[in-house]
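User: Hi! I'd like to understand the terms used for this model. Could you take me through them?

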Amino acid sequence: MPKVFRRVIASKVMTTSSTTTTTPVSPKLPPVLTVKGLGVDLQSANTWVEALSALEFCIEEGQTFALVGESGCGKSMTALALMQLLPDVAHLTSGEVDLKGQDLLALTEREMQGYRGRKISIIFQEPATSLNPVIRIGEQVTEGILRHLPELSRGEAQDKAREWLERVGLGEVDQRFNQFAFELSGGQLQRVMIAMALAAEPDVLIADEPTTALDVTLQAQVLDLLKSLQAERKLALLLITHDLAVVKGMADHVALMYAGEIVEVCSAHRFFQEARHPYSQLLMQSLPSTQKRGGDLAAISGQVPPLSEQFVGCRFEPRCPLATAQCQDPLANTMRHLTFPAEVSIESSSNTALPQVHSVRCVRAQEPWVALVREPIRVSRPTESSHDEPPPKSPLLQVKDLKVSYGLKGGGWLSSKTPVFEAVKGVSFEIAKGQTLALVGESGCGKTTLGKALIQVLGPKARVSGEVILSHQSLLSRQKETLREARRQMQIIFQNPFASLNPRMRIEDILLEGMVSLHPEWTPAQRSRDILELLDQVGLARTSLQRFPHEFSGGQRQRIAIARALAIKPQLIICDEPTSALDVSIQAQILNLLRELQTRLGVSYLFITHNMGVVSYLADQVAVMKAGEFVEIGQTQDVMDNPKHPYTRRLLASVPRL
């Protein structure tokens, strides 16, 4: 159907439904950005599917509006729709995006170029893929300034670019100005993205997962930077994230999305104190903590439904533990954009001067069961353990005086006089069968290098020394032929799932590759059965097998990488930030799975992470790494509750908390 014709029809339907919807926010001053009835369709095969359904929200000057929800719910699609950057297979079907009196959706692409970056800007989710790899960093920032501030000369624009790079705390700006994206760390790339987004001084900033891949200290710095710039420029900030602790520390208002629609919207205070939707409650109960150690997290059963599904009634009903017959209303979904259930306005149960607007899309929103906010809704039950024997006295993995160094000339070793960079400086530790050692520290401290050295994937440019013993067998002395046996016992989940998955292979082939190579004795029927079971365990639809990695979101790709490591059934798994890109509910599902495998099969983990909640929940011991060395190592509770080293105390102080 032609785009214009579809929008005319949709606008008529939206007019019909406008009398039944409530405006989520009623600000005292006119909002900077107002979104009304935003609808987007995606082309899938030979049909159109509804990606966004009649979204409504507004953001005031100087305020932060958080958009929260699982991967695939439409958060990033919303951001792209606001910026008019939708892919070719997506079309706006309805709505209005009012930016200080101008409907952005009514602008042509040429007109929108004057607004994009100048009035409304975005920090993309993956800075490493958003920056041009063949253009120097300084030139990329300068380019945007010249585009929107043509009155400046190139020299003045470059000075302004340097000023912004300094303001975002990049450091050594003159050196970084002439570097390429691949020469910067993840935290540095994120700062460059922030500088690019703010260089033309927009009124609205969209931050799409701005801290997902950052360690806790960098995350704290980036969030503090956004807060200070927001206060200085009175920015209206749309924060897209799945980190509820970040939401609590940053947001004024929260909207929770599910399957393309907003199911709950209210002030941040009320969201964390009086959330009414079952989905909201389950998300908060999915968060790992020390108190939940030893038990299952409240992982939400099932998965976010595909957009091609024909919804009948409430979209969350198939996964809701409190669903009843009244949650289904086939008649309500016969007309597009007339969603069911309708929004319900909730009165506050506490004496507070905060805004009273609280809308929930649930037929049971006003029932007394809201008290379940403080009583866990159990969706899964603890798995029965068949691994009851205590861990053996002899460790599964022993690491003694491990060192990793690089030659500084061209990255390789030229001579004995070649200056070296020591990435890992003589660390020692042990991991027993069925135990977890968490490795924490800031980006660049050597955590990932240590993990790659253990499994020997660093390549010839690295010089590795020391002793690594797995199941009484020395690993560093093994050659290629004998490494195959060791890798049956030890696997790694890489930090960047997009880079570690072959883009030309379908998901089924990716999962089969390790099975065929390392376990040729397994029958095809056994492999197929294990693959389907793995997809269920990591929360992916079985229809994913014939798709390619680029067809999935970042969180979904992470689940594929986890499934690939688990497919070999190893004794030890090196987990390099395996949950950093996952939503809290999927994170709970993965943590439950890892704990179950550990309890039932005695699997051990070296868990590299910056998520201290995960450390408290899963780890038996914690090693804190700084500049290639361990500054503190001990039992989890001792380190988390009573850290001895100043660096550990600073690291823990940076953790956002609920």
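**Terms and the values behind them**

Analyst: Happy to! By the grid rule, the count comes to 6 cavities of 30 Å³ or more. This is a predicted model, where local features need pLDDT of at least 70 and side-chain atom pairs count only at pLDDT 80 or more, while totals for chains, interfaces and linings use all residues. Residues are numbered from 1 along each chain as its sequence is written, and side-chain values use heavy atoms, with hydrogens and water left out.

User: What makes a space a cavity, and what makes it a pocket?

Analyst: On a 1 Å grid over the protein atoms alone, a cavity is a set of points where a 1.4 Å probe fits but cannot get out, whereas a pocket is an open set with protein on both sides within 12 Å along at least five of seven lines; lining residues have an atom within 4 Å of a point. The largest cavity holds about 90 Å³, and its lining includes His277, Pro278, Cys314 and Arg364. The second largest pocket has a volume of about 740 Å³. Volume here is the space filled by probe spheres set on the points, which are joined across faces, edges and corners.

User: Which residues lie nearest the centre of the second largest pocket?

Analyst: Of its 33 lining residues, those are Ala245, Asn611, Gly613, Val655 and Pro656. Helix H20 (612-618) is among the elements giving two or more residues to this lining, and H20 gives the most, with 3 residues.

User: Why are H8 and H9 called roughly parallel?

Analyst: Angles under 35 degrees count as roughly parallel, over 145 as roughly antiparallel, 65 to 115 as roughly perpendicular and the rest as oblique. Helix H8 (residues 186-198) and H9 pack at about 10°, with axes 11 Å apart, so H8 and H9 are roughly parallel to each other. Their contact (heavy atoms within 4.5 Å) involves Gly187, Arg191, Ile194 and Leu198 of H8, and residues of H9 including Leu218 and Leu229.

User: How do you know that helix H12 is largely enclosed by the rest of the structure?

Analyst: Buried means under 20% relative accessible area, exposed over 50%, and partly exposed in between (1.4 Å probe, protein chains only). In helix H12 (residues 278-285), 7 of the 8 residues are buried, so H12 is largely enclosed by the rest of the structure. Those buried residues are Pro278, Tyr279, Ser280, Gln281, Leu282, Leu283 and Gln285. They pack against H10, strand S9 (253-258), strand S10 (261-267), helix H11 (268-274) and H19.

Notes: Helices (H or I, at least four residues) and strands (E, at least two) are DSSP runs, numbered from the N terminus. Axes are lines fitted to C-alpha atoms, for helices over the stretch in contact, and angles run from 0 to 180 degrees between N-to-C directions.
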